[in-house]
Amino acid sequence: MDIYFKDNRLFLSAIGEAVVRLVTYSTYIVLTSVVVILFFSSIESLRWLSLLLGIFLFDRMLHAGKGEKSIIELKGEKKQNVALALTGSAYRILGGAFRRAPVTGEDPYFIMLADLVRRRDMRKVLTRLNVNPSEFAEKISQNLTVVTKKKNEELRPLISLVALAAYENADAVHERFIEPRNIFAAIASSKHPGVQKLLNLFNILPEDIAEAIIFSRYSRLLSRIAKLPSFLGGLVYESSVMRKRVINRAWTSRPTRYLDQYSSDLTEMVRREKIGFLIGHKEEYERVLQVISRPGKPNVLLVGDPGSGKPTIVAHLAFQMKKDNVPSVLFDKRLVSLDVAKLISNATPEQLSDRIQKIIGDIVNAGNIVLFIPNIHDLFRTAQAQAINAIDLLLPIITDHEIPVIGDSYPREFKSFIEPRTDFLNQFDVVNVGEISEEEAMRFLVYRSILLEHDFKVFVTFGAIRKSVELAHRYFRNKLLPGSASDLLKEAIVQATRLREKTLTPDIVIDVAEKQSKIPIQRASGLETEKLLNLESLIHEKLVNQEAAVNGVSQALREYRSGLSRSGGPIATFLFVGPTGVGKTELAKILAKIQFGSKDAIQRFDMSEYQDKQSVFRLIGNPDGSKTGTLTDAALQNPYSLILLDEFEKAHPDVLNIFLQVFDDGRLSDSLGRTMSFENTIIIATSNAHSQFIKESIEAGKNMGEISEELKKKLSDYFKPELINRFSNIVVFRSLNREEIERVAGLLVGDVSDLLHDVHGITLRVEKSAIQKIAELGYSPVFGARPLRQVISEKIRGVLAEKILKKEIARGNSISIVYEESGFVFNIVE
């Protein structure tokens, strides 16, 4: 197709265009006068001429300000001149810039923006974007002072470019003509550096303007209705032209009285505007339509998670069938949804068989049924011992290929019940239905917000909608879009109502999301900023030495909370390498406490338990869907946490391979095809690989930087280079000396003291002599500081427990522990 822009008015001089306009208006005035004069004429033929001229003028009045042709009319032509679809107000925006720019030398883009921002509807759009229209207009005025003189020959291609982009936008949002709002969207999506700088200044994305325009366009129209009308990508609100047909146009169909007892007629629900709403899933819908319209095997099976939109696709099909916007083979068909629960309720095998046979009889006799069976897997569950199930009774009508059948199921049930039955599955084309995109979810929330504004009297900014979708998609993965985003937006509106806020801003959405997810989403400020800047000191309050490790994790956290960490992967991925008992796991616990609020936010995997090839399925789920994966479930249930992979080097190579994708882009698909996000996790893998090399290198006086570089080369003995390179940082832990073991002992004893005071109100002071002895008893060249806990449990905790139970010490007492030749002595201090 040849799509172009040519408006003859732009080839006239300014005076010439003014003359044409004057002549046109004068002609209408003269014709109006003629109509009035002729109407009162005594000659009948002149009165009829007056009537015809009056009809002509009335038609012109009805179409005043509109384009000569609608966009739909233009799309039906091989050569499409988009100038014919411009409304009068849209042309004035383009024509005004074309006339003014050569005279003033101002930038034509900013001339158009200046004219647009004066319009009430455009100011409303800016308000939706949480932008002050006056400030926006002021910035435009400042840019108008920039002189960029252009001749008419240079301006025509520029105006043409804007008009074509406006036409594309108008077509995408189902406008009838090209309106000024479409020109606004076109300018915003241009590559003009000045325009992009202006949008960046106000933190506006070009695609946000397009959505905010839709928001403002329909808010007034829909604010007084109680439910969403049916639409696809734009608004379809034409119930007045919907047909109601009990039987088909050829009068060949038959009533289905028995089927009606166990089903719902979706096409009838469409007529009453109860269903038909669909955004996204265009490819899935087109595939469904293609399959059920073909002559052989017109059966399709939709497979997707709850909330993915399977029933919505079917409902939209009913809507299009009612409008005859489907292939002719589906004209006058009824789309009927079988109520499986009602069908099998309280039915013996004999009764179920009788019901199904009667339903099949009704369907065959009617001849105009498209059958939808939601949760079709439930029919496989009806079999009793040595008895056929309901699906076997329905199989003849499915294999007959005369009745189109649509079924839907969930991934797990599909694998468990349907996949093993190849005789059944071979009759269907399987269409996988996934989550809609974030852009589609925003479009959904735009329309939903119009009704929420009406209900709660809160003005919803588009920024709040975008933030709801972004946060829901990132942090609330237990539910798919748009449901998760819709829930978050509703909670935020309720919160705004409680706070007596008249406008819902992104900050309120973030606040609600933080409370629900317990995830710090806002940029760090105040006390948290101070904590992040002094992170090394805070970690060292609980961890002895290991400077390289502490510096590495501190830097990663600062990058994350400042918003500078890379997108598309976990917050950070660390490989902690070093001997046992040197603080690798302890640093992970400290990190979980600081970043995630609790040491319990660690999800720990002992990789020594995943040493065989089949262990992969324990992490991502069994192929048959009978069991989900421990790793993928951890990401789904706790998307914001620390994942600890202990003894990483002991895992089977196939197990290690699945972490390539996790470390790289923060995603992993389970056996059911669900994609889990690890973008809000910190992943720490620990390893004792080459511990002896680390020890010998330190003793040889090498610095940690040299050791780290040499170790990375040696780690290829255990890990593939591509896996090593995907770690954010490989941190080398060195062995602890006796002095450091003593400091560790002091920290562990301090934990006991805090616990004793919190639980029993008893103050504990452990003298240096006792700590030195604990360190001596707990030191091991092989196990590092690991034996310390056992020594403290035996020498301190155990004794204190006995004394508490014997009531030798009680709340309010102060206990001092010293070490003497006879052993540890516990004294009550007055």
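Predicted model: local features only at pLDDT ≥ 70, side-chain atom pairs only at ≥ 80, totals over all residues.
**Figure 1. The aromatic pair Phe380 and Phe424.** A search of the whole structure returns 16 aromatic pairs. In the pair shown here, the ring centres of Phe380 and Phe424 are 5.2 Å apart and the ring planes stand at 85 degrees; the arrangement is therefore edge-to-face, given that angles over 60 degrees are assigned to that class. The pair links distant parts of the chain, the two residues being 44 residues apart. Phe380 belongs to the loop between strand 6 (369–373) and helix 18 (390–399), and Phe424 to helix 20 (residues 422–425). Phe380 is buried, its relative accessible area being 9%. Phe424 is likewise classed as buried, with a relative accessibility of 0%.

Figure 2. The rings of Tyr718 and Phe719 form a tilted pair, with 6.5 Å from centre to centre and 45 degrees between the planes. Tyr718 counts as partly exposed at 39% relative accessibility, whereas Phe719 is buried at 2%. Both residues belong to a cluster in which ring pairs link Phe648, Phe659, Phe663, Tyr718, Phe719 and Phe727.

**Figure 3. A nonpolar surface patch that includes Trp48.** Four residues, Trp48, Leu51, Leu52 and Ile55, make up a nonpolar patch on the surface. Together they present about 460 Å² of accessible area. Trp48 is located in helix 2 (residues 44–62) and is exposed, with a relative accessible area of 53%.

**Figure 4. The surroundings of Ala101.** Ala101 is part of helix 4 (residues 88–104). With a relative accessibility of 1%, Ala101 counts as buried. When neighbours within four places in sequence are set aside, Ala101 is in contact with Glu106, Pro108, Ile111 and Leu155. The C-alpha atom of Ala101 is separated by 60 Å from that of Phe372, a residue 271 positions away along the chain.

**Figure 5. The buried salt bridge between Arg181 and Glu175.** The structure contains 45 salt bridges. In the one shown here, the closest N and O atoms of Arg181 and Glu175 are 2.6 Å apart. Arg181 and Glu175 are both buried.

Figure 6. Glu470 and Lys467 form a salt bridge whose closest N and O atoms are 3.5 Å apart. Both residues lie in helix 22 (residues 462–475), three residues apart, a spacing of about one turn of the helix. Glu470 is partly exposed, having a relative accessible area of 29%, and Lys467 is also partly exposed, at 23%. Salt bridges connect Asp208, Arg466, Lys467 and Glu470 in a network.

**Figure 7. The salt bridge between Asp751 and Lys542.** The closest N and O atoms of Asp751 and Lys542 are separated by 3.2 Å in this salt bridge. The pair links distant parts of the chain, 209 residues apart. Asp751 lies in helix 35 (residues 738–760), and Lys542 in the loop between helix 26 (535–540) and helix 27 (547–561). Asp751 is partly exposed, with a relative accessible area of 29%; Lys542 is partly exposed as well, with 39%.

Methods. Residues numbered from 1 in each chain as written. Heavy atoms only, no water. Phe/Tyr/Trp six-rings, centres within 6.5 Å; stacked < 30°, edge-to-face > 60°. Helix = DSSP H or I, 4+ residues; strand = E, 2+ residues; numbered from the N terminus. Buried < 20%, exposed > 50% of the residue type's maximum accessible area, 1.4 Å probe, protein only. Patch = residues over 30% accessible without salt bridge, like charges linked within 9 Å, V, L, I, M, F, W, Y side chains within 5 Å. Areas by Shrake-Rupley, 256 points an atom, 1.4 Å probe, with all protein chains shown as cover. Salt bridge = Lys/Arg side-chain N within 4 Å of Asp/Glu carboxyl O. Contact = heavy atoms within 4.5 Å.
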